[in-house]
Amino acid sequence: MNLLKGTVAGLAMAAGLAASAQAAELSGTLKIFSDMSNPAPRAVMEKLASDFDALHPDLTVELTVIDREAYKTQIRNFLTANAPDVANWYAANRMRPYVSAGLFEDVSDLWAEPEIADNLASTKGAMTLDGKQWGVPYTYYQWGVYYREDIYNELGLEEPKDWETFKANCQKILDSGKKCFTIGTKFLWTAGGWFDYLNMRTNGYDFHMALTNGEVEWTDERVRQTFANWRELIDMGAFIDNHQSYSWQEALPFMVNGEAAAYLMGNFAVAPLREAGLSDEQLDFYQFPVINPDVELAEDAPTDTFHIPAAAENKEAAREFLRYVVSADVQTAINAGDALGQLPVNASSSVDDDEMLNQGFEMLSSNSPGGIAQFFDRDAPAEMASVAMEGFQEFMVFPDNLDDILNRLEKARQRIY
Amino acid sequence: MADITTSLNEAPPGWIRRNRQTLAPVLFLLPGVLFFLFYVIFPILQSFNLSFYRWDGLGEPVYVGMENYAELLDDRAFEVSMWNNAKWLLLYLLAIPAGLGIALFLNQNVVGIRLYKSLFFFPFVISQVVVGLVFSWFYDPTFGFLNQILGFFGLGTLNVLGDPTLVTYGIIVAGLWPQTAYCMILYLTGLNAVDPEQVEAARLDGAKGFKMLWYVIIPQLRPATFIAFVVTIIGALRSFDLISIMTNGGPFGSSRVLSFYMFEKALSEYGFRMGYGAAIAVVLFLIMLLFIAYFLWSMYQEEKGGR
């Protein structure tokens, strides 16, 4: 109930602000295409649209929600043929095809406004390509190790801070007849998460960016070091068997049933784990531990975004909508536990009182000095990502194929960049 | 209409009337031909053309000549897909003898035979997606029925869909289930047309068992066999949905076939290499063309023989 009041108050404030600015004159139609098709995000998006509509009496907001997977191909058509005024997408290199084809509007002017420049500084890098900003973020979420607190307690384990403890913990879990980590690599990207963390802990954030930008050879000694660390875990038998046959959802029961003790995942895994019956006493979170003490900690925190297509008709209203979405109160409301359940991008927003969200927010705001990466398949070009993640999966099943895999990736790198 | 009636009354027959022997077939063919041109022929030509370009579906296509094809020669994923296509083509044909066997078995008059026939035909009626899901549960390495059986006999577990050497065979088995049902129904209708007099005559001459089947029944089933062969070959080359549902091409691309690889390269989330996808499509088209040419040729021979 409190939250509802908060939202209403926020709306009133936003309305007050808008009335004083030029925004009151907005008119016409604002067409929004959204990929927030899962039930909870859909409710959030519908509320955003209707609230914004109510704020501007002369403006009609038309919202079209498209299935999240189908959206990924449809966006190519509607950006060219039938552009809305606002569209969802993802940050970093995922924007590249549309930015280079001139289909996204440059919104650097919004980022120059103090309201956004000051409060959204942490995600500015992810929205920047070629020195300009191409959209605004509306939510992001942390990655890290979600683990069974009760199993750790039973075995007398602590949250590991360094690689040695991490491995020692894992050995104890294995000795107790369980697996350390569940994972389902059928759709490949989950293996990308492991690679990202091992690579950023071994070689650091800058190396991650250089590698995904194609500036480093895949056969480089530093890349091999990342895989050598990964191999230590694989040779221990840390991961569940047959992970190549499961999707990430199908890998959840192993953790729920206590056959595996932890899951390296994004925060979106928490909701299904809780629904499956894990209580707050059974579920906890820790930051991926230090491997190489010489590199600063860096995290994956994929950001979802709003953009204005270059062919939009009502760009003024669209800009106002972007301002509205990133404003502190709206950010607090839409990222709350009963809405998106993720982290607000606005530094002045408050994080909902949730064990995981608090830890994630703490980690990203104060314990990630190296930088915040998007994710392997968002930082690397799509083509490189698909070839590489296929290689990661193969490595997890047949670690002996490493040389062959790296040569293949290097060949792909030379062709793609 | 009005024009035609007036022209009928005039002394010299009009142009339409003089040419109606030619016009009528042309007019009747026109809609079909137009659809065929716009939905089949032109897209094929466009694909050929596109395969010489590099294009991400958004910007301007760049002409690259034979570069896409040169890359195909060097692409291991393409090679794997080709081999898998060959496995599909060869092993999918097992559906024909299997379908014939079931059809012979079901071709008798007992109470409730219609129900049994429907049950055997059932897998062909349900969607391929359902077949794929049922089989992926069957193969599931932890809970699957297959591993329950293997475990009962103490044979350990087998992760069919996670093993790069087994995965394609596993999917083909799933595909054979509905395809066998299809061939069965073709043979069942074929068996209805078998001439009982010939069977009687053969029996008088002392033919029975396998000899009867081989020399009397099967030759009479030739039209059914031909159709079964055609649909099975086409089915094998179109094998897409099962792969997409059961493994998504994995593990690490070892269950891809050409059609799936083309989709991945051209249209999937990480794809949008339209030119490269078109080059794969051209190769697949050429392979299909071999079979299509053969089918057309043998149908032509049949027609000629019939006259």
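In this predicted model, the contact between the two chains draws on 32 residues of chain A and 26 residues of chain B. Together the chains bury about 2,400 Å² between them, and carbon and sulfur atoms account for 53% of that area. On the chain A side, A:Arg76, A:Lys186 and A:Glu390 contribute 22% of the area that chain A buries against chain B, more than any other three residues.

Counting polar contacts instead, with both residues at pLDDT 80 or more, gives 14 residue pairs between chain A and chain B.

The side of chain A that touches chain B can be read by helix. Four helices of chain A each supply at least two of its residues: helix 3 (68-81), helix 4 (96-100), helix 19 (382-397) and helix 20 (402-416). Helix 19 of chain A gives the most, with 8 residues. Sorted by class, the side of chain A that touches chain B holds 13 charged, 12 nonpolar and 7 polar residues.

Domain 1 of chain A comprises 2-141 and 301-349, while domain 2 of chain A comprises 143-300 and 375-416. Taken over C-alpha atoms, the centres of domain 1 and domain 2 of chain A are 31 Å apart. Their contact involves 11 residues from domain 1 and 13 residues from domain 2.

The area buried between domain 1 and domain 2 of chain A is about 930 Å², with carbon and sulfur atoms giving 48% of it. Two kinds of pairing can be listed here as well. The domains of chain A are linked by 2 salt bridges. A:Arg94 and A:Asp377 form a salt bridge through their side chains, at 3.8 Å from N to O. Polar contacts between domain 1 and domain 2 of chain A number 6 residue pairs, both residues being at pLDDT 80 or more. By class, the side of domain 1 of chain A that touches domain 2 of chain A consists of 6 nonpolar, 3 polar and 2 charged residues.

Notes: Residues numbered from 1 in each chain as written. Chains lettered and ligands numbered in written order. Predicted model: local features only at pLDDT ≥ 70, side-chain atom pairs only at ≥ 80, totals over all residues. Heavy atoms only, no water. Contact = heavy atoms within 4.5 Å. Buried area = accessible area lost by both parts, 1.4 Å probe. Polar contact = N/O pair within 3.5 Å; in protein donor to acceptor, adjacent residues only side chain to side chain. Nonpolar A, V, L, I, M, F, W, Y, C, P; charged D, E, K, R; others polar. Domains from an automatic or database assignment. Salt bridge = Lys/Arg side-chain N within 4 Å of Asp/Glu carboxyl O.
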